[in-house]
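The exercises below are to be worked with the sequence and the model at hand. Each task is followed by a solution in steps.

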Amino acid sequence: MRDIWNPWHGCVKYSEGCRNCYMYALDNRRGVKRPSDEIYVTKQLKYPVSKDRKGNYKIRAGERIRVNMTSDTFLEQADQWRDTMWDCIRERPDVIFWLLTKRVPMIQDRLPKDWGLGWDNVMLNMTAENQRAFDERWPVFAQIPAKAKGICCAPLLSPIDLEPALSSGQICEVSAGGENYDNPRPCHYEWYEAMSELCGKYKINFHWYETGTKLVMGKTSHFIPRKPDQAKIAGMSGLNRFYGRPNLILRDPKDSHILAPDELHVPMYNPIHCLHCGNRDMCNGCDPACPQRDKSYRLVTAEEITKLDAADDLWRQGK
Ligand code: SF4
Ligand code: SF4
């Protein structure tokens, strides 16, 4: 299922977390001819408002879409396309848009004129890859109005004390992951563990979605090159915390009525592949119509897979 919208592609390195940027690495592996620091608009510029042959939006009501995963939403070189991005988001008040940036000082001047205290369908996220980035960005991010805010600690490069942000009452989600692809730097289990504990203290969702290629636990280093293995190890760690989806209000694009749960997309999961995935609470689930789907398993709801997960935990503990 598509859960990423990249209206533009390419980026200029900005801080320590960008040193081994995965977009640069993937462009290189895929033989992309244009330089990765050249920013250009993609064919997906208006993807959220595109429709299928039956006239239905391709993105369903209630889905969560991550925006600009191969660039930065508030990059100044993308100023010319950002109004179109906002227009698409405005036209789909039934979809959750998850925006992420390292360029926190650029946000305020690049919000749409009718932003007010934030839009009901937008979750604004800042990246904090290390303590220094957090200390610089959080005081600015704290001043920006938004209906839902999160912090993405990826690639996590140091322990980070998130207390000033989590105690502010503004943050509803922390996501974290390690570094991958070229020259990945190690990440320590204890850093994730401390974040999880702090999120528990404030009842804030914590999603450890992947370990990164090099995970250090105590004095032992682990090499985990495959992302599905990383997501499984993170998911099985017991560190993830989920207190419910961010409290955003989704509305019907035609008549603006508030959508009831039965009008929203219900994520469905593969009982084997999704069982311990650290991404599960953030993703839109498996697409029942996906041609690559493993049809030997009946897809199950979030509640069913949570029960399976708990039962599997007990089995592993020998209870
Ligand atoms: S901001 Fe993100 S996309 Fe841009 S260079 Fe840094 S890591 Fe890469
Ligand atoms: S939960 Fe399932 S569908 Fe979602 S990211 Fe993990 S494996 Fe993929």
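**Exercise 1. The shells around the ligands**

How many nonpolar, polar and charged residues does the shell around ligand 1 have?

*Solution.* The model is a predicted one.
Step 1. List the shell: around ligand 1 stand Cys 11, Lys 13, Tyr 14, Gly 17, Cys 18, Cys 21, Met 23, Ser 71, Asp 72 and Lys 102.
Step 2. Sort the list by class: five residues are nonpolar, two are polar and three are charged.

Determine how the residues around ligand 2 divide by class.

*Solution.* 
Step 1. Ligand 2 is surrounded by Ala 231, Tyr 269, Asn 270, His 273, Cys 274, Cys 277, Asn 279, Arg 280, Cys 283, Gly 285 and Cys 286.
Step 2. This shell divides into six nonpolar residues, four polar ones and one charged residue.

**Exercise 2. A helix with a buried face**

Compare the span of helix H2 with the expected span, then locate its buried residues.

*Solution.* 
Step 1. Helix H2 covers residues 79-91, which makes 13 residues.
Step 2. From the first C-alpha to the last, H2 reaches 19 Å, close to the 18 Å expected at 1.5 Å a residue.
Step 3. Met 85, Cys 88 and Ile 89 are the buried residues of H2.
Step 4. Viewed down the axis of H2, the buried residues fall within an arc of 95°, and therefore they line one face of the helix.
Step 5. Gln 80 and Asp 83, on the other side of H2, are exposed.
Step 6. The cover over the buried residues of H2 includes strand S5 (96-101) and strand S6 (122-127).

**Exercise 3. A strand covered on both faces**

Which residues of S6 are buried on one side, and which on the other?

*Solution.* 
Step 1. Begin with a general rule: side chains in a regular strand alternate between the two faces of the sheet.
Step 2. On one side of S6, Val 122, Leu 124 and Met 126 are buried, and on the other Met 123, Asn 125 and Thr 127 are buried.
Step 3. The count for S6 is accordingly six buried residues of six.
Step 4. Turn to the partners: S6 pairs with S5 in the parallel sense over five bridges, and Trp 98 stands opposite Met 123.
Step 5. S6 and S7 also run parallel, joined by five bridges; here Leu 124 has Lys 149 in S7 as its bridge partner.

*Solution.* 
Step 1. Strand S8 (residues 171-177) pairs with S10 in the parallel sense over five bridges.
Step 2. One bridge sets Ala 176 against Trp 208 in S10.

**Exercise 4. Backbone angles in loops**

Describe the backbone at Pro 155, Tyr 181 and Ser 256.

*Solution.* 
Step 1. The peptide bond from Ala 154 to Pro 155 is cis, with omega near -10°; Pro 155 lies in the loop between strand S7 (148-153) and H4.
Step 2. Tyr 181 has a positive phi, near 70°, and lies in the loop between S8 and S9.
Step 3. Ser 256 likewise has a positive phi, near 65°, and its loop runs between helix H6 (227-236) and strand S13 (268-269).

Are Tyr 181 and Ser 256 exposed or partly exposed?

*Solution.* 
Step 1. Tyr 181 counts as partly exposed because it has 17 C-beta neighbours inside 10 Å.
Step 2. Ser 256 has 10 such neighbours inside 10 Å and therefore counts as exposed.

Conventions: Residues numbered from 1 in each chain as written. Chains lettered and ligands numbered in written order. Predicted model: local features only at pLDDT ≥ 70, side-chain atom pairs only at ≥ 80, totals over all residues. Near = placed C-beta within 6 Å. Nonpolar A, V, L, I, M, F, W, Y, C, P; charged D, E, K, R; others polar. Helix = DSSP H or I, 4+ residues; strand = E, 2+ residues; numbered from the N terminus. Expected span 1.5 Å × (residues − 1). Buried ≥ 20, exposed ≤ 12 C-beta atoms within 10 Å, placed from the backbone. Arc of directions from axis to C-beta. Contact = placed C-beta atoms within 7 Å. Pairing = 2+ DSSP bridges.
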